[in-house]
Amino acid sequence: MDKEITALKAQVKNPERISVFLDGEFSFGLARIVAAWLTIGQRLSDEDILRLREQDTYEVAYQRALHFLSYRPRSVGEVLRKLNEQGYSQAVMDATTQRLKDNGYVSDEQFARGWVESRNAFRPRSKRMLAVELRQKGIEDEVIEQVLTETADEDSLAYQTALKYAHRLSGVDWETFRKRLGAYLMRRGFSYGTVNPLLRQVWEETRSEDGSNLTQNEDG
């Protein structure tokens with residue numbers, strides 16, 4: 001049996017949502033964009049109400065995803081996990097992420113590039129560890145491989161990582177320097193074969209910059 005819309009009122013706590021009153025009683029709330037075509041006096045069937053509430057579910061999911069993205073860039077996988085935590089169906093999650101992609105709000109390729117650039121600038125690490133982190137964000141291997149081929153080679157990454165950390169070790173002796181820097185680079189995912197040749201090179205470069213005298217009889 002059709003019901004008549006007797007009032008449409010913006011909600012006090014959230015003006016972007018509209019309370020719909022049918023036959024004089026509150027019935028349900030809708031996002032403003034979903035309720036935009038409704039008018040007082042309009043009659044709604046059960047099918048109309050079901051469709052409106054379904055549209056509202058999709059719109060609310062989209063707005064929540066946008067809010068989630070407002071803090072920092074996210075991968076598609078992160079958005080899906082967040083929506084899943086909030087109890088949305090697979091159909092709603094898929095439609096929401098597709099809408100975000102279509103509107104340019106999410107892109108795994110752009111996310112991966114930004115992640116790698118940020119890591120290289122502030123917290124550098126090996127390509128292997130970068131790949132692990134990106135997989136944890138839900139990035140597919142094909143995208144990871146594509147993005148990592150665009151970054152510096154492993155030796156260069158290790159060298160830049162070593163330089164950033166070596167300045168924290170000013171004043172220590174060679175043995176302490178070698179152990180601490182080596183352990184740091186290994187924790188960042190670099191192999192022993194990559195790390196070992198760098199240690200003496202970075203020691204000499206940073207000590208030269210500091211104007212320190214190198215000890216000639218130190219073991220390599």
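This is a predicted model: local features need pLDDT of at least 70, side-chain atom pairs count only at pLDDT 80 or more; totals for chains, interfaces and linings use all residues.
Colleague: How many aromatic pairs does the structure hold?

Modeller: Rings of Phe, Tyr and Trp (its six-membered ring) pair if their centres lie within 6.5 Å; planes under 30 degrees apart count as stacked, over 60 as edge-to-face and the rest as tilted. The structure holds six such pairs. In one of them, the ring centres of Tyr-165 and Tyr-184 are 3.9 Å apart and the planes lie at 10 degrees, so the pair is stacked.

Colleague: Which parts does the pair of Tyr-165 and Tyr-184 tie together?

Modeller: Helices are DSSP runs (H or I, at least four residues), numbered from the N terminus. Tyr-165 belongs to helix 8 (residues 154-166) and Tyr-184 to helix 9 (residues 174-187), so the pair ties together parts 19 residues apart in sequence.

Colleague: Are Tyr-165 and Tyr-184 buried or exposed?

Modeller: Buried means under 20% relative accessible area, with a 1.4 Å probe and protein chains only. Tyr-165 is buried at 14%, and Tyr-184 is buried at 7%. The rings of Trp-174 and Trp-203 have centres 5.4 Å apart and planes at 70 degrees, so that pair is edge-to-face. Both Trp-174 and Trp-203 are buried.

Methods:
Residues are numbered from 1 along each chain as its sequence is written. Side-chain values use heavy atoms; hydrogens and water are left out. Helices (H or I, at least four residues) and strands (E, at least two) are DSSP runs, numbered from the N terminus. Buried means under 20% relative accessible area, exposed over 50%, partly exposed in between (1.4 Å probe, protein chains only).
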